[in-house]
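Subject: Handover of a structure and notes on its contents

Dear colleague,

Please find the structure below, which I am handing over to you. My notes come after it, and I would ask you to read them with the structure open.

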Amino acid sequence: MSSPSARLATHGASIVAPLTYYDKTSDGERPYQVIYDQQDPSKPTTNYILKKPELPIHDLRPALSDPERRKEISIATTGFAVPEKEIAGTKMKYEDWENEEAIRGTYYREVEELLKKVTGGSKVIIFDHTIRRGEKQGSETPDTPQSRKPVQIVHVDQTPLSGKKRVLRHAKEEGLDGEHLLRGRAQLINVWRPLRGPVLDVPLAVADFRTLSVDEDLVPSRLIYPPEGEPGYQPEGETFAIKHSERHQWYYLSEMGPQEVLLLKCWDNTENGGVRTPHTAFNDPRYYGKDDVELRQSIEIRALVFHPPEE
C-alpha cells in the first residue's frame, strides 16, 4: 500500500454521505452472504455486522478535466477508470435495455471492443450482466435475481481464489484452455453504465486502491448460491468484504449519463490479486427520495480480459 493521496480531490467538490462497511461477524465465523431466497425466515442471510461512517466522497469531474490528473485515473493505479467519451458511448437506446437479445448482441460487442482498446487485451469473455433499478424511498422490495437493486455495501467482486475459478469455469464454457490463459495475463473488469441519466439519487462510489491496505482491510467472504439441482445453482463464490479505515479516499462521477462508463478492476492473476476497486452504491443526500428525481437504473457487465502468454 502506498501512502494516501489527495491528488484527485478538489477542494469544495465533495459531498458527505454514509457508506456501509463490513465490521465483524455476529457468530465469530467466516463472513458469508446467502444469494437466494432460502424460504426459511429463521435462517439468517448473512452474519455481517455493519458499520456506517459518514465520509467525504469527491467528484471526479474536476480531475477528468485536467489532462495531467486524468492520466492518474486508471485501472492500473487507482483501480477504476473513466474512458474517453469517444470510445465509451453506446448505440443502445433506453428501450433496448428491455431486450435481452440486444444486450447480449449489440452491447456485449461494444463492451468487448471497449475493453480491448483500454487494456490492449486480445481476448474478452463476458460471463454475465446485471441490471439494477432503484425504488422509491419507503416502497423498497427485496433484492431478488429477477429484481436487482443497487448494492449498498462496500465490497470487491472477486478474491484471488474466485478470480482464478472464474477463468477456469468460463474458459471451459467457451471451449478454451483456462490453464493456458492463466499463463498469460488475466484480468476481471466490471463495466458500469447508467441506462439513463443523469444519475443523481444513488450514484456509484469507488475507492482509490492506493489508500487501501490489502492485508488489513480486505476480508474474504463466502457467497452462497442455491444448492445443486435448484434453479440458479452455481458453485460457491467468494468476494471481499471491506473494513473501514480513515485512509480510504472515495470518489464518484457526478451526474453520470448513459454515454459514460466506469471501469472497475476486480482481480488479476498476479500473486495477490493485483490492483482492485472497492465500490458501493450510496444515497446522495441532495437528491435521494426527492419526488422530482428519476430513480437510478444501471447495467454492469463482468468480463475476463486476456493477454496471450509469451511462449
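This is a predicted model: local features need pLDDT of at least 70, side-chain atom pairs count only at pLDDT 80 or more; totals for chains, interfaces and linings use all residues.

Residues are numbered from 1 along each chain as its sequence is written, and side-chain values use heavy atoms, with hydrogens and water left out.

**Helix 5**

Helices (H or I, at least four residues) and strands (E, at least two) are DSSP runs, numbered from the N terminus.

Which residues of helix 5 are buried? They are S162, G163, R166, V167, H170 and A171; here buried means under 20% relative accessible area, exposed over 50%, and partly exposed in between, with a 1.4 Å probe and protein chains only. Seen down the axis of helix 5, these buried residues fall within an arc of 160°, so they line one face of the helix. The arc is that of the directions from the helix axis to the C-beta atoms. The buried residues pack against several elements, including strand 7 (123-133), helix 6 (178-182) and strand 9 (185-194). Helix 5 is followed by G175, whose phi is positive, near 75°.

**The nonpolar cores**

A nonpolar core is a set of buried Ala, Val, Leu, Ile, Met, Phe, Trp, Tyr and Cys residues joined through side-chain atoms within 4.5 Å. In soluble globular proteins, nonpolar side chains tend to be buried together. The largest core here has 23 residues, of which Y107, L115, V191, L263 and I301 touch the most other members. Helix 4 (100-119), strand 7, strand 9 and strand 16 each supply at least two residues of this core. Helix 4 gives the most, with 7 residues. Apart from this core lies another, of 19 residues, among them L55, V156, W250 and Y252.

V111 is placed in helix 4 and is buried, with a relative accessible area of 1%. Leaving aside neighbours within four places in sequence, V111 is in contact (heavy atoms within 4.5 Å) with I126, V191 and I301.

**Salt bridges**

How many salt bridges does the structure hold? There are 19, a salt bridge being a side-chain nitrogen of Lys or Arg within 4 Å of a carboxyl oxygen of Asp or Glu.

R247 is partly exposed, with a relative accessible area of 21%. D217 forms a salt bridge with R247, the closest N and O atoms being 2.5 Å apart. D217 lies in helix 7 and R247 in the loop between strand 12 and strand 13, so the pair ties together parts that are 30 residues apart in sequence. At 3% relative accessibility, D217 counts as buried. The side chain of R247 also meets that of E216 in a salt bridge (3.7 Å, N to O), and E216 is exposed, with a relative accessible area of 55%.

A further salt bridge joins R222 and E236 (2.8 Å, N to O).

Yours sincerely,
A colleague
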